Amino acid sequence: MSPVLRSALSRPWPSIVAAIAVPVLAFVTLVAWSLSSAVASSPDDDFHLASIWCGAGIREGLCELPAPYTQEAHPEYRMIPGEIPDATCFAFDSDGSADCWDSDVSGMTMVHRANADGLYPPLFYLAMSPLATEDVMGSVVAMRIVNSAFAVGFLTLVFFALPRRLRPPLLLSLLATSVPLGLFVFASTNPSSWALLSAATVWICLYGSMMTDSVRRRRLLVGLAVAGAVIGAGARADAAIYAVFGVGLALLLGWRRARSSMLPTVGAMVIVAVVALFYVNAGQSGAAINGLTTDAPPLTSGQHMMNFLGVPGLWAGMLGNWGLGWLDTQLPTAVWVLTLLVLGGVLLVGMAGFTWRRTVAVVGALAALWLVPFILLATSHAVIGTQVQPRYVLPLLIIAVGVATASPLVDRLWTGSRVALIGVALSIAAAVALHFNIRRYTTGLDVSAIDPGYAAEWWWPVAPSPMAVWVMGVLGFTGLLAIIWLRAAMPQLFLRKAEHLETDSPSPVNS
């Protein structure tokens, strides 16, 4: 028996059960979100789905070249199944259901955007493309479920690879920022899902590699940091920038320990080199310097000021103040008020035990969270509420929360009562958000009912009922939070005696 397996099986049985139950419940939660919205429900899905169908190149019946004369004039045009462009018929009409989509459309349709010109990095589309078939609906469901399983699997591997003190920051950075937008995106066919995954893992894996004395663990964490950077940079050009930013924060926080081993430094250089390669080859990369495409005139000084003061509105947008989907699924105020309270509480509690390195890192992360969207708005000649969407900067929020909560006093800070408050607030917010997201597509938001499937005009032909999906998502997420609360409230059930004594002893504060 391997030492890793022997160590795992020697742990108290509640720890073993939790190690299995938490990933399973997380996957169940994301599957519920995967089924909660129709095909092409994430922003710009007409482009992203076309890019997935063409992600592996020209394939008969999936992605074909148009007529020669058209191809000569427009080499970026492609022919894809006609169902895909039609699937966005419900976009921007929040009172209309997804019933407008005719999923029986036959034949191929020409599209002008399918990433044939390399606007986005190709890795995400290439990874999803084997699941693309002529059955568009079935393919999209499969992609969402596989993408959800991939996210849960990768995060679980990172969690158990990290030193024990860095596991709570990973969880907190995800839980405090994922309701509702993060859950929606993680379970979608949008490449932003990989950008979020990268943001949550790159910096903490590299930092964790400096905080461990185990050579084997250090190698694993450096490898996971590189993998996380490839995942992000292979999906979105801005994720490459965020990966480099995360590397900088990790080196700042762990530099005193990094000098004892060259491996984390080498890993950091590899990450920078790899993401730079993805970045320079993506047409999307120009937006970081020149802004998003816009024909608007330059902003006035007053508009710049309003943008600067309005940036926190994007943060609230990540937490439910902006609509989901094509920004047309408006959620009740209770959702973003609860999630904003959780975010504020997590930041305030997590910041205890400051050192000068942690202070600089947290201030830098929060400054980036404010300045990056402000600069992007300025270069795009856009005012707050247009062009720049919350999902573009959600990776920065994940990084900021993770860095802020990576305190050496983490075991003392997150008591059972604090975790319970967070769990109750997030459970309520997630339940309401999932209910509204389902109802947006079954009937439109002009219909109100406890059962989100009441008078449904649209639903998947083969799937549990809307009510069953909602209950599944609520129980999955609430169960996950309940286990985390139990671990915080009664740690003696989950730790060996030696680990419990270590938790009770004072934690060192690294400068």
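View A. Helices (H or I, at least four residues) and strands (E, at least two) are DSSP runs, numbered from the N terminus.

Before you look further, please keep in mind that this is a predicted model, where local features need pLDDT of at least 70 and side-chain atom pairs count only at pLDDT 80 or more, while totals for chains, interfaces and linings use all residues. Residues are numbered from 1 along each chain as its sequence is written, and side-chain values use heavy atoms, with hydrogens and water left out.

**View B. R391 and D44 form a salt bridge.** Side chains of opposite charge can pair when their charged atoms come close. Here the N to O distance is 3.3 Å. R391 belongs to helix 19 (residues 390–405) and D44 to the loop between helix 2 (13–35) and helix 3 (45–53), so this pair ties together parts that lie 347 residues apart in sequence. R391 is buried, at 5% relative accessible area, whereas D44 is partly exposed, at 25%.

**View C. R236 and D238 make another salt bridge.** Their side chains meet at 3.0 Å, N to O. R236 counts as buried at 5% relative accessibility, and D238 counts as buried at 18%. The model has four salt bridges by this rule.

**View D. R440 reaches a backbone oxygen.** Look in helix 21 (residues 416–442) to find R440. Its side chain comes to 2.7 Å from the backbone oxygen of F90, which is a polar contact (a pair of N or O atoms within 3.5 Å; within protein, one must be able to donate a hydrogen and the other to accept it, and residues adjacent in sequence count only if both atoms are side-chain atoms). With 0% relative accessibility, R440 is buried.

**View E. S173 meets the backbone of L170.** S173 is part of helix 8 (residues 167–175) and is buried, at 2% relative accessibility. A polar atom of its side chain lies 2.8 Å from the backbone oxygen of L170.

**View F. A nonpolar patch lies on the surface.** M305, F308, L309, L371 and I375 build this patch, with about 460 Å² of accessible area together. Patches are made of residues with over 30% relative accessible area and no salt bridge; like charges are joined within 9 Å, and nonpolar side chains (Val, Leu, Ile, Met, Phe, Trp, Tyr) within 5 Å. Accessible areas come from the Shrake-Rupley method with a 1.4 Å probe, and for residues, only the protein chains shown count as cover. Helix 15 (301–310) gives the largest share, three residues. I375 comes from helix 18 and is partly exposed, at 46%.

**View G. D93 belongs to a negative surface patch.** Asp and Glu count as negative and Lys and Arg as positive, while His and the chain ends are not counted; the place of a charge is NZ of Lys, CZ of Arg, CG of Asp or CD of Glu. Find D93 in the loop between helix 5 (83–86) and strand 2 (108–111), partly exposed at 41%.

Notes
Buried means under 20% relative accessible area, exposed over 50%, partly exposed in between (1.4 Å probe, protein chains only).
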